[in-house]
Amino acid sequence: MRALLPLLSLFLAWTTVAGAVDSVMPFMVYLDPGKMVCLHWGFDAVLGNITFKLVVNTTGWVGFGLSPNGGMTGADIVMGGLGPRGSYFSDYYATDETMPLVDTQQSYTLLSVAETNGQTIMTFERTMSTCDPQDLSITTQPIKLIYAYGLTDEITYHSTRRGTLEVNLLNYLPKMSMSNSTYLSVKVDNISIPPVKTYYHCKVMSFPTLTTKHHIYQIEPAIENYDIVHHLLLYKCPPFVTQGYSKPCYSGDIGDVCFGVVAVWGVGGGVFDLPEHAGLPVGGEPTPVFYRLEVHYNNPSLQTGRTDSSGLRLHYTNRLRQYDAGILTTGVLMLSSLEYTIPPKTPSFHTYGVCNTSLFSPLMNPVPEFHVFAVMLHTHLAGRRIRVGHYRNGKQIDFVAFDENYNFEIQHFFNFGNFKTIKPGDEIAVECSFNTTDRSGVTKMGLATTDEMCLAFLVHYPAVSIATCLSHPLTMGLPNTSYELSGYENMLKLVPQYQVVTDDKSNSSYNPRGIIREMMKTPTTSCRNNAPSRFCISSWIPKAAGIILLLLWLAII
């Protein structure tokens, strides 16, 4: 009997916890750069519920939503507040860029709303999958969150009080806070932006000397002009680059060979934190290492007299993590000598780039398996969808990442919350879908914003010494006007892929006979009503109690 008492105590404690509602929301993120809008959340994976607390610096109405592409159209929205007559709250859906419509199925439940110190605090919950066609499901994939708010309780046009941020709600990596943070400032210095639509400026530099190895654990953008800075890339240079400069990129300078990605920021992105067990290595080298900061300026209105000093802050520590992290660039290789054009007036044109890790072995030995834990996907204006497939032994086994509603204005690293293991010999294929229905001429692969790219930056550990793994279809046998031919897209899939792998010292290996394999359909979320319900959970409790009581009775006998 005495032996069963701990078990009975454990059971009673378990039933007490199971019957309680856990209101703790351990995750938090600011949805705007000015830290006016803060979102807290927590979820119960068993019950299939998620709870939100929205804190906004206003005493007017507040709105929060899930969006397929970062805009209003198709968004799943809640709006509410605390007015003179009490609280108000409703579930809405948006069909276009106008006032949302009240949802016929109110899938969100208001838990509380209050005003404190000039802030509106609204707490609400829903199931992750509501089975409502006017709602968006919450899955383990990143989702674009939108917000808006007003200065009064009359729900009218929000003006500039709006924004969007992509977050992985169910696989969220909390941001780290470290006391006495030390960072390297990497930026251009008051450069003049010429009145051209697309301008790339490069600064090659070395960092202040760090005599021992350190780890970068956070990459923070320091953007001076958000309206014209499109993206920043920081590359590590091979050892033979020993001189710095600041001038237009890709002008035949030695820094053009620097392609080992250390950090990336894209329009719409924010701070990127690495997990606690991995960091990007910096310092401890016997000779100075040079880096190239590349800043892409998008100036479609040809403004004059603009200057800029944007860059990045690389927060680092001497407390080394367990693993060195690295960033591997995959996707479509840009080769000016080989034509690769996207035809006009096409709603969905697919391009492919393939990384075959078998090509790593001439450049590093042995080739380890590595784990991808975050990714940044990148195209330009015509990009609509990006998928990164993972293949082993010639067959697709998974997706590394995908974004079915890619938005050019929201480009940033997102963490998986877990990792994808890449083994030696595996292949990684990047598929990009483009919409050119608004274009009358062909679109080429290139640097301009009106050109296109198809890339996936894979953050991984342990770091491999490979910088890029890209491919380009061998199109030299195709006519210059081949894009006008029926089946042009399939033609590009069937021609051999010229695969190129480069390491961090600018050494390369090649394969001129790469192939594009078929990519499976993107997994979808099945509709389910509230996951396992509270009733299903509680209905098991009497059965468990009966078992315990039976054991007690037997012990007494």
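What is the handedness of the disulfide of Cys-202 and Cys-249, and why? The torsion about its S-S bond is about 105°, so the disulfide is right-handed. The model is predicted.

**Disulfides**

The count of disulfides comes to four. Three of them are described below by their S to S values.

| Disulfide | S to S |
|---|---|
| Cys-202 to Cys-249 | 1.9 Å |
| Cys-237 to Cys-258 | 2.1 Å |
| Cys-355 to Cys-469 | 2.2 Å |

The link of Cys-202 and Cys-249, with an S to S value of 1.9 Å, starts from strand E14 (residues 198-206), where Cys-202 lies, and ends at Cys-249 in the loop between strand E17 (245-248) and strand E18 (260-266), so the pair ties together parts that are 47 residues apart in sequence. Cys-202 has a relative accessible area of 1% and is buried. For Cys-249 the relative accessible area is 10%, and this residue is buried because the cut-off for that term is under 20%.

The loop between E17 and E18 also holds Cys-258, whose partner Cys-237 lies in the loop between strand E16 (229-236) and E17, so this pair ties together parts that are 21 residues apart in sequence. About the S-S bond of Cys-237 and Cys-258 the torsion is about 100°, so this disulfide is right-handed. Both Cys-237 and Cys-258 are buried.

In the link of Cys-355 and Cys-469, the angle about the S-S bond is 95° and the hand is right. Here the two cysteines are placed in strands: Cys-355 in E27 (residues 349-356) and Cys-469 in E35 (residues 466-473), so the pair ties together parts that are 114 residues apart in sequence. Both Cys-355 and Cys-469 are buried.

A further cysteine, Cys-38, is buried, with a relative accessible area of 8%.

**Strand E4**

Strand E4 spans residues 62-67, and six of its six residues are buried. Cover is found on both faces: Val-62, Phe-64 and Leu-66 are buried on one side, and Gly-63, Gly-65 and Ser-67 on the other.

Which strands pair with E4? One is E5 (residues 76-83), which pairs with E4 in the antiparallel sense over five bridges. In this pairing Phe-64 stands opposite Val-78 of E5. Another is E10 (residues 143-149), joined to E4 by six bridges and also running antiparallel to E4. On that side of the pairing, Gly-63 stands opposite Ala-148 in E10.

Technical notes. Residues numbered from 1 in each chain as written. Predicted model: local features only at pLDDT ≥ 70, side-chain atom pairs only at ≥ 80, totals over all residues. Heavy atoms only, no water. Buried < 20%, exposed > 50% of the residue type's maximum accessible area, 1.4 Å probe, protein only. Helix = DSSP H or I, 4+ residues; strand = E, 2+ residues; numbered from the N terminus. Pairing = 2+ DSSP bridges. Disulfide = S-S within 2.5 Å.
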